[in-house]
Amino acid sequence: MEKIDKDVTKHYYHTRIIPELRNKIVLSSSYGWLVLQDGNSQACSLLNLVSMEMIWAPPINLNDYKFCILWLPPSNPNCQLFFIFKDFLVSWKPGNMKFIKKEFRLEVEEYMSLITVNVHKGIIYVIVEPTVDTVFANLEDTIISFKKLIKRNDHTLGALEGNPHYDMYLIESCGEILLVNKIYSDCFGDQKVVYNFKILRIDYSKDGWVEVENIGKQAIFLSKFEGKFCNVSCSGLKTNSVYFTKGRNLYIFSLDDQSIKICLPCPIVNKHNSTLSWIL
């Protein structure tokens, strides 16, 4: 499989042939590792793109899974790989022979599906729809019993009210959880245009979300289903910004002045059959 590396700080790209990626689907990426699924056997593995170390996971049926999360790198004894489904999750620690299944128990009215999920310090945080409540649970429990943390009826959405077109991402950052809202303008058919972002953090003293207007020397990197948070002050990247993509295009949204820059970093990428993963 051909891998295309783009260095956004130096404005160039190069390609590499990596046999380990042949016929693989990238499910997630964290801590420099890719979570892969074989296109034929459906087997899952972890691949480090620096050392090229590969760790195979036990067999698992991933039909209808919603989210994939690698919590901590495999070198950490607390590392776990999670696959989140609608009503349960499965987890695996490298070295174990099988995945462990845990059922969900949600104390949320009218629960239908999960909008976004993340794991932080052994706690799983979830935003559910249609209520848009934020719930949490301890991953060590035998049954994952979610409790309501934040209700929708505070100013969680704020500027989103009246605009149904947005995506949500729960992101771990500097010891806390951020909620990043990607806001679209009115949609015309399948065309959605991003025009703003709203970033919030949990204020436990108020049991609610509070807006973050400036993330300082950090930047946020969004792919289709997940986001990353990183200090970029010495990298040449733009601080206090959100990097995201649509198709082959790379967009940079400035939280300073709400401007958006666009570029085509890798023109040779197949716009109909390619996958973006941020490796941080």
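Q: What counts as a polar contact?
A: A polar contact is a pair of N or O atoms within 3.5 Å. Within protein, one atom must be able to donate a hydrogen and the other to accept it. Now take a case from this model, which is predicted. A polar atom of the serine 254 side chain lies 3.1 Å from the backbone nitrogen of aspartate 256.

Q: With which side chain does the side chain of serine 254 make a polar contact?
A: With that of aspartate 257, at 3.2 Å.

Q: Where does serine 254 sit, and is it buried or exposed?
A: Serine 254 belongs to strand β22, which covers residues 249-254. The cut-off for buried is under 20% relative accessible area. Serine 254 has 3%, so it is buried.

Q: Now the whole protein. How many helices and strands are there?
A: The protein has 0 helices and 23 strands.

Q: How many residues are there, and what share is buried?
A: There are 280 residues, and 47% of them count as buried. The protein exposes about 14,700 Å², with carbon and sulfur atoms supplying 50% of that area.

Q: What share of the contacts links residues 24 or more positions apart?
A: Start from contacts with a separation of 6 or more. Residues 24 or more positions apart account for 38% of these.

Q: How do the strands of a sheet hold together?
A: They pair through backbone hydrogen bonds, either parallel or antiparallel. Here is one case. An open sheet of 8 strands runs in the order β7-β8-β9-β10-β14-β13-β12-β11, and its pairing is mixed.

Q: Which strands are at the edges of that sheet?
A: An edge strand pairs on one side only; here these are β7 (67-71) and β11 (113-120). Ignoring direction, neighbouring strands of this sheet are turned by 30° against each other on average.

Q: How do β13 and β14 pair?
A: Strand β13 (residues 133-138) runs antiparallel to strand β14 (residues 144-150), with 3 bridges between them. Look for phenylalanine 136: opposite it in β14 stands lysine 147.

Q: Where is glutamine 80, and is it buried or exposed?
A: Glutamine 80 is in strand β8, residues 80-84. Its relative accessibility is 10%, and the limit for buried is 20%, so glutamine 80 counts as buried.

Q: What does glutamine 80 touch?
A: Set aside residues up to four places away in sequence. Among the residues that glutamine 80 touches are Ile69, Leu70, Trp71, Trp92 and Glu140. Proline 94 is 14 residues from glutamine 80 in sequence, and their C-alpha atoms are 7.1 Å apart.

Q: What is the order of the sheet of 4 strands?
A: This open sheet has the order β15-β16-β17-β18, with antiparallel pairing. Its edge strands are β15 and β18 (208-211), each pairing on one side only. On average, neighbouring strands here are turned by 30° against each other, direction ignored.

Q: Where do the side chains of a regular strand point?
A: They alternate between the two faces of the sheet. Keep that in mind while following the pairs below.

Q: How many bridges link β15 and β16?
A: There are 8 bridges between β15 (residues 166-173) and β16 (residues 176-184), which pair in the antiparallel sense. Tyrosine 166 has isoleucine 183 of β16 as its bridge partner. The hairpin of these strands has 2 residues between them, and cysteine 174 takes a positive phi near 50° there.

Q: And how many bridges join β17 to β18?
A: Strand β17 (residues 194-203) runs antiparallel to β18, and 4 bridges join them. The bridge partner of leucine 200 is glutamate 211, in β18.

Q: Through how many residues does the hairpin join β19 to β20?
A: Through 4 residues. Strands β19 (residues 218-222) and β20 (residues 227-231) run antiparallel, joined by 5 bridges. In β20, lysine 228 stands opposite phenylalanine 221.

Q: How many disulfides does the structure hold?
A: It holds 0 disulfides. For cysteine 44, the nearest cysteine sulfur is that of cysteine 68, 7.3 Å away. A disulfide needs the two sulfur atoms within 2.5 Å.

Q: How accessible are cysteine 44 and cysteine 230?
A: Cysteine 44 is buried, at 1% relative accessible area. Cysteine 230 is partly exposed, at 26%.

Key. Residues are numbered from 1 along each chain as its sequence is written. This is a predicted model: local features need pLDDT of at least 70, side-chain atom pairs count only at pLDDT 80 or more; totals for chains, interfaces and linings use all residues. Side-chain values use heavy atoms; hydrogens and water are left out. Buried means under 20% relative accessible area, exposed over 50%, partly exposed in between (1.4 Å probe, protein chains only). Two strands pair if DSSP finds at least two bridges between them. Axes are lines fitted to C-alpha atoms, for helices over the stretch in contact, and angles run from 0 to 180 degrees between N-to-C directions. Contact means heavy atoms within 4.5 Å. Accessible areas come from the Shrake-Rupley method with a 1.4 Å probe; for residues, only the protein chains shown count as cover.
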